[in-house]
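Here is a short tour of one protein model, written to be read alongside its sequence and coordinates. Please keep both at hand as we go.

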Amino acid sequence: MCGIVGYIGHQQAYPILIKGLHRLEYRGYDSAGVALINSEDRLNVYKTRGKVNDLEAFCESKDIEGTIGIAHTRWATHGEPNDINAHPHVSGDGKIALVHNGIIENYLDLTRTPGLCPKILPTFPPPRLAAAPAKWYTNLNTVSGSAGAHKIHETSRKGS
């Protein structure tokens, strides 16, 4: 399970997102993250294992400027609770951030899509890939959302 907060508007998104995450914290979570688009259209993603306060401490010296953002808290049901598995997940080009609730049941099908991860082994959790040819993604983690972010990126590159 998770908590998701999003904001698009004229105010700075970060304080609104953090306040929203704190409101959801009573549910109990093991990681938190935020994705923000700044005034230069740069996507900044910060995530960490721990509570929302840990995320705030991590972001103290980061670029948290932006009026568009999404934030997520995660309770690990699949994949260990760590910084890598925390949401948001980011596409290989760093331009797409993805948060989701629950498990993406067909994540292996997504990773087997030609041009995405053609040689990934059918295991759960999916193995972390080492340096590989250009169309392989090297930062797949042990949760299903990572495959989803990469699939959206691959599809958007093809214009389909």
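In which strand is the place of I68? I68 lies in β4, a strand that covers residues 68-74. Helices (H or I, at least four residues) and strands (E, at least two) are DSSP runs, numbered from the N terminus.

A word on the source: this is a predicted model, in which local features need pLDDT of at least 70 and side-chain atom pairs count only at pLDDT 80 or more, while totals for chains, interfaces and linings use all residues. Residues are numbered from 1 along each chain as its sequence is written, and side-chain values use heavy atoms, with hydrogens and water left out.

**Overall layout**

The protein has 4 helices and 6 strands, and from the N terminus the order of elements is β-α-β-β-α-β-β-β-α-α. Of its 160 residues, 45% are buried; buried means under 20% relative accessible area, exposed over 50%, and partly exposed in between (1.4 Å probe, protein chains only).

Helix α1 (residues 13-24) has 12 residues and reaches 17 Å from first C-alpha to last, close to the 16 Å expected at 1.5 Å a residue. That expected span is 1.5 Å times one less than the number of residues.

| Helix | Buried residues |
|---|---|
| α1 | A13, Y14, L17, I18, G20, L21 and L24 |
| α2 | V52, L55 and C59 |

An α-helix has 3.6 residues a turn, so residues three or four places apart point the same way.

On the other side of α1, K19 and R23 are exposed. The cover over the buried residues of α1 includes β1 (2-8), β2 (31-37), α2 (52-59) and β4. In turn, the buried residues of α2 pack against α1, β2, β3 (43-49) and β4.

**Back to the surface**

I68 is partly exposed, with a relative accessible area of 34%. N101 also counts as partly exposed, at 44% relative accessibility. N101 sits in the loop between β6 (97-98) and α3 (107-111). In sequence N101 and H72 are 29 residues apart, and in space they are 9.2 Å apart, C-alpha to C-alpha.

Technical notes: Contact means heavy atoms within 4.5 Å.
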